[in-house]
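Here's a quick tour of a fold and its ligand shell. Have the viewer open and follow along.

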Amino acid sequence: MTGPLIAGFDAPVHVLVTGASRGIGLALVKALLRRDGVARVHALARGADACDALAALVDAHGGRLQRHAMDLTNDDHLDGLADAVRAHGDALHLVLNAAGVLHADGLRPEKSLATLTRASLQRSFALNAFAPVLLARALLPRLPRDAPAVFASLSARVGSIGDNRLGGWYAYRAAKSAQNQLLHTWAIELRRTHPRATCVLLHPGTVDTGLSAPFQANVPPAKLFTAAYAADALLAVVATRTPADSGGFFAWDGSAIPW
Ligand SMILES: NC(=O)c1ccc[n+]([C@@H]2O[C@H](COP(=O)([O-])OP(=O)(O)OC[C@H]3O[C@@H](n4cnc5c(N)ncnc54)[C@H](OP(=O)(O)O)[C@@H]3O)[C@@H](O)[C@H]2O)c1
């Protein structure tokens, strides 16, 4: 992909990617580092320092890649993030929030109401709903006011209430819906405080990562994207968003998704 990463902005871009240790986030980091227009990528994940792929990218790209081993559900880590970015003197022109959880130890998407627990709701909401908007709050001081900036957060089509015909996956669906509302609300405020900035929610398609691995059986091969393909598609969508799109929810192909 060529052309500017952010519409109307040709200067070197400083980017922060969360969920950077695997899956779509790692593919975004790789795609960004291949682009000349990217000055620096800040890569955040709890396991950022233990990730061999990120270590190899540091070997190849040196200071263009900065790792941040942080947990987005930890307030102290979020408080330290803006300082860690500022330590490199960077304003952030692009934030790509690709951290998310569908299943983990003791966490499974629910097939029926009977299996829904308070604990699963809290775990899913902590990362899929609360973390994106608290990340936005933490990074607000690093967003430029005198240049375009994009904050793009990965949601999921299953977070669309209008599109929900299958049911199930209560906690994940609801947490993504809540993320959509929280960032849509911030986008309205952002229009006043940072009129050149854009905040969007993105659905990456069904992507072959650890997150989707247990649920791929019924996905036709042509509809199961590689992480690299999804990353390129998402960057193409980001590159064509403008403040007029701010607060919107878009799929990997740029089409709008109903709330
Ligand atoms: N894959 C799909 O088909 C699909 C479809 C729709 C939407 N999405 C969304 O796309 C996003 C990326 O999904 P993916 O498939 O790439 O997932 P993934 O492969 O499971 O990667 C998740 C990333 O999030 C990080 N992470 C998890 N908990 C964290 C925490 N508490 N603090 C900071 N980072 C944390 C993980 O790193 P550490 O464990 O090192 O922290 C990892 O880098 C998610 O929001 C997901 O909901 C994915």
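## The strands

Let's start with β1 (residues 13–18) and β2, two strands that run parallel and are joined by six bridges. Strands count as paired here if DSSP finds at least two bridges between them. Within that pairing, T18 has L44 of β2 as its bridge partner. This is a predicted model, where local features need pLDDT of at least 70, side-chain atom pairs count only at pLDDT 80 or more, and totals for chains, interfaces and linings use all residues. Residues are numbered from 1 along each chain as its sequence is written.

β2 also pairs with β3 (residues 65–69), again in the parallel sense, over five bridges. There, A43 sits opposite R67 of β3. As for cover, seven of the eight residues of β2 (residues 38–45) are buried (20 or more other C-beta atoms within 10 Å of a residue's own, with C-beta atoms placed from the backbone). Helices (H or I, at least four residues) and strands (E, at least two) are DSSP runs, numbered from the N terminus.

## The crossovers

Helix α2 (residues 52–61) makes a right-handed β-α-β unit with β2 and β3. Right-handed means that, with the strands pointing away from you, the path from the first strand over the helix to the second runs clockwise.

## The ligand shell

Around the ligand there are 29 residues, of which G23, R46, G47, G100 and T209 come nearest. α1 gives the largest share of the shell, three residues, while β7 (206–207) supplies at least two.

Terms used:
A residue is buried if 20 or more other C-beta atoms lie within 10 Å of its own, exposed if 12 or fewer, and partly exposed in between; C-beta atoms are placed from the backbone. A residue is near a molecule or strand if its C-beta atom, placed from the backbone, lies within 6 Å of it.
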